[in-house]
Amino acid sequence: MLGIATSLMVLATFALFERGAMAEMGLPLAATEAAHHYDALYSFLVWISVFFTVLIVGGMIYLAYKYRRGRPGNTKLITDNHTLEILWTIIPTIMLLGIFAWGYKVYLLQTQAPASAYEIRVVGKQWSWTFQYPNGKITNELYAPLNKPVKLIMSSEDVLHSFFIPNFRVKQDVVPGMYTSVWFEANVPGKHQVFCAEYCGGSHSLMITDLLILDDQQWMDFIEKDKEFTNLARADGKPDLRMVKNTEPSGAASGGSMGGLSLEGKKLFESRGCVACHSVDGSKKIGPTLKGVFGHEVKFVDGKTAKVDENYIRESIEDPAAHIVEGFAPTMPTFKGQFKETEMNALISYIKELK
Ligand code: CUA
């Protein structure tokens, strides 16, 4: 009876935690809706662990004392108790399945970016971050609009890094040779902290930068008028880490070409010879046309299919023999190492827009 009552109580707190009523103890500022859901789950797991630790260790101490050596009288021998065994199997199973379902829900929320998300490309490099915006702007601090979904498409120029924004509860490996992504919709304006969360060499600890969440007016000023907002105060009121920020030149000039990221990609497409074999108007050349391929299925000579995304295009450029599109011969040479990460981003951004 006591077991059932306890478990019901614990399950009832699910609802309470899901609303965030008891969440967020001792955690950094939560600056997205998803972060609040994450915190609710996190604090639920902490408190349920505390609850069972106290229950089990407390019970052990109590029973050790109650049945201590030398106390009068013997207890009768108990060999089994089916009711108890069924209860301690079923109740934890239901609770764990509940935790799994909750965790899965939060996981989906954190990993499935809305299709309308504003895309910013991120390049990690020992030991700084570079951000590329659709209009061709390049910065070393990340700027993003308030209350709008933003998707980061990330890659690395050298080794493994990990992109971490504590206030948004997002952390994702940044891997050379492929694209990974995170997304967020910030609801607290101001300056937030970005860390590299994976040891990546000597100055790993200096691979930090600012994330500046701008309101509508500031965002227009930033994106159209090149205005900087690095003096904004930290949103959580903590000291600014900028003093210890890596000051080594990172190679990414602020400003960038204002012709647009895809325009930059178009220039590369033409100057590096892609255009010799791939049309952009749907006509057939030596290689398949790139018009409208992004987001669509392609069929390969072996009958398999794949959806064209950033990673597929990258593979086709670096390892063209890996997948041969039906109706074409494996004649394309590899272009591995011939594009910088920022150039690859521009090129893919251009191909993505060939509707
Ligand atoms: Cu980059 Cu640690």
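In which sense do β1 and β5 pair, and over how many bridges? The two strands are parallel and share seven bridges. The legends below describe a predicted model, in which local features need pLDDT of at least 70 and side-chain atom pairs count only at pLDDT 80 or more, while totals for chains, interfaces and linings use all residues. Residues are numbered from 1 along each chain as its sequence is written, and side-chain values use heavy atoms, with hydrogens and water left out.

View 1. Strands (E, at least two residues) and helices (H or I, at least four) are DSSP runs, numbered from the N terminus; two strands pair if DSSP finds at least two bridges between them. On the β5 side, G124 stands opposite S156. Strand β2 (residues 128-132) runs antiparallel to β1 and is joined to it by five bridges. In this pairing, V122 faces F131 of β2.

View 2. Seven of the nine residues of α6 (residues 310-318) are buried, where buried means under 20% relative accessible area, exposed over 50% and partly exposed in between (1.4 Å probe, protein chains only). The buried residues are E310, Y312, I313, R314, S316, I317 and E318. They pack against β1 (118-125), β5 (150-156), β11 (297-299), β12 (305-307) and α7 (341-352), contact being defined as heavy atoms within 4.5 Å. At the start of the helix, a side-chain oxygen of D309 comes within 3.2 Å of the backbone nitrogen of N311.

**View 3. Helix α4 and its two ends.** The buried residues of α4 (residues 216-225) are Q218, W219, D221, F222 and I223. These residues pack against β1, β3 (138-139), β4 (142-145) and β10 (209-214). The N-terminal end is capped by D215, with a side-chain oxygen 3.2 Å from the backbone nitrogen of Q217. After the helix comes D226, which has a positive phi near 65°.

**View 4. A nonpolar surface patch that includes V46.** The patch consists of Y38, Y42, V46, W47, V50 and V54, which together have about 540 Å² of accessible area. Accessible areas come from the Shrake-Rupley method with a 1.4 Å probe. Patch residues have over 30% relative accessible area and no salt bridge, and nonpolar side chains are joined within 5 Å; a salt bridge is a side-chain nitrogen of Lys or Arg within 4 Å of a carboxyl oxygen of Asp or Glu. V46 belongs to helix α2 (residues 33-66). V46 counts as partly exposed because its relative accessibility is 35%.

Key. A polar contact is a pair of N or O atoms within 3.5 Å; within protein, one must be able to donate a hydrogen and the other to accept it, and residues adjacent in sequence count only if both atoms are side-chain atoms. Patches are made of residues with over 30% relative accessible area and no salt bridge: like charges are joined within 9 Å, nonpolar side chains (Val, Leu, Ile, Met, Phe, Trp, Tyr) within 5 Å.
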